[in-house]
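Thank you for asking me to look over this two-chain structure. My notes follow as numbered points, to be read alongside the sequence and the coordinates.

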Amino acid sequence: MDKVRTLIVDDSSVMRKIVERSLRQAGLELEKVVEAANGAEALAELSKNPVDLILCDINMPVMDGLEFVRQLHTVENGKGVPVVMITTEGSEAHVVEALSAGARGYIRKPFTPDQVREHVVPVVGKKS
Amino acid sequence: MSTDTSLAVRSREENWLPVLELAVEEVFEIMLGCRVKPVPKDASQASTEFTAMVGLAGTLCGILTLCCDRKTASGLAKSMLGPEIADNEDQVSDALGEICNMIAGNFKNKLAGTDGRCMLSVPTVVKGEEYVFYSLADGDRMETVMLFENAPVTISLQLHS
C-alpha cells in the first residue's frame, strides 16, 4: 500500500493523536497528517492540502462531521476522497445518516486498531 | 449482556448501573489498556480536583461526570496517549473530557430505545475543587467508583425525571 496523506478531523487534539496512532498501528504508512478541529477548518485545509483519506468525528462545534461530509464534494480536492467517521454516536440512525451523506465507513468510540484496520484499509485510495 | 436495557422497560438506577459500569470498563480497557472494576463507594471517594462533564439531551436527559485527583487525571492521560503529555494540563483535560465523552456514548449506545434521539454535548472539564455542582437534572442519580492505579475515579450519571 502506498503512503497515505490523511486528514483527521476532531475537536479534541488528544483524539486526533490517538486516531493517528491507531492508523499507524493498523499498518498504514502515513506520508502526511493534516489536522482540523471542526468541519469548517477541514474544508479550508483541504483546499491547501490534498489527501487520500479523511477520518472525521461527528459532534464538533462550528460545523459537525455530517455537514462536513455533505459539503466535501463542493471544495477543491474534496470530491471522492473516502471519509470514515469515528464517533461516540453509535446509533443505527447516525450510521445510516452518515453513510447517506457520503461516508464510506463508521467506527464507534471506543475503538481498537483492529477495528480501524477493518474499516479504513478497504477504502484507502479508492475514490468514489 | 443479557439484561433488558429498553428505556420503556428498565427503570433507572438498579437496572442501569451495571450498564454504566460496563460502559466504563470497556472504555478503560480499550482506550487506556487497563482493567478496572467497581469498588464499594464508601471505601473510596474520588477527589474532585478534575471534573469532566458531558451533557445528554433528548430521549435521555442529564449529565455524566467523571471526577478524580490531579495525579490520577495525569495517569489516565498518560495511559491514553503516552508519557510525553503527562505534564501538559491542557492535554490532560482534553484526555479526561474524551474519556467522559466515550463513556457517555458507550453507555447510551448500550441502551435500547435511544436510537438517534439522544445527543451528547461537547465535553467540559473543571479544574479545582472550590465549586458547588448544581444540576437541574432532578431525577435518578447513579454512581460508580473505579480504582485506577489504586486511586478512585468516580463516574456519576444524573438524569432528569
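1. Two strands are said to pair here if DSSP finds at least two bridges between them, and helices (H or I, at least four residues) and strands (E, at least two) are DSSP runs, numbered from the N terminus. With that in place, the bridge partner of Phe148(B) in strand 7 of chain B is Ala151(B).

2. Some care over the source is needed, as this is a predicted model in which local features need pLDDT of at least 70 and side-chain atom pairs count only at pLDDT 80 or more, while totals for chains, interfaces and linings use all residues. Residues are numbered from 1 along each chain as its sequence is written, and chains are lettered from A and ligands numbered from 1 in the order in which they are written.

3. Chain B contains 3 helices and 7 strands, arranged from the N terminus on as α-β-β-β-α-α-β-β-β-β. Of its 161 residues, 41% count as buried, a residue being buried if 20 or more other C-beta atoms, placed from the backbone, lie within 10 Å of its own, exposed if 12 or fewer, and partly exposed in between.

4. Strand 7 (residues 151-159) of chain B runs antiparallel to strand 3 (residues 62-68) of chain B, to which 6 bridges join it, and Thr65(B) stands opposite Ser156(B) there. Strand 7 of chain B is also joined by 8 bridges to strand 6 (residues 141-148) of chain B, again in the antiparallel sense. Strands 6 and 7 of chain B form a hairpin with 2 residues between them, and Glu149(B) in the turn has a positive phi of about 50°.

5. In chain A, 5 strands form an open sheet with parallel pairing, in the order 2-1-3-4-5. Strand 2 (30-36) and strand 5 (105-108) of chain A stand at the edges, each with a single partner strand, so one side of each is left without a neighbour in the sheet. Strand 1 (residues 4-9) of chain A pairs with strand 2 of chain A over 6 bridges in the parallel sense, and within this pair Leu7(A) stands opposite Val34(A).

6. Helix 1 (residues 13-25) of chain A has 13 residues, which at 1.5 Å a residue should span 18 Å, and its end C-alpha atoms are 18 Å apart, which agrees; the expected span is 1.5 Å times one less than the number of residues. Among the buried residues of helix 1 of chain A are Val14(A), Ile18(A), Val19(A) and Leu23(A), as well as Arg16(A) and Lys17(A). Just after this helix, Gly27(A) takes a positive phi of about 100°.

7. Where the chains meet, 22 residues of chain B are in contact with 20 residues of chain A, contact meaning that the C-beta atoms of two residues, placed from the backbone, lie within 7 Å. Helix 1 (13-32), helix 2 (70-81) and helix 3 of chain B each supply at least two residues of the side of chain B that touches chain A, and helix 3 of chain B gives the most, with 11 residues.

8. Which residues of helix 3 of chain B does helix 1 of chain A meet? Ser13(A), Val14(A) and Met15(A) in helix 1 of chain A meet Gln91(B), Asp94(B), Ala95(B) and Glu98(B) in helix 3 of chain B.
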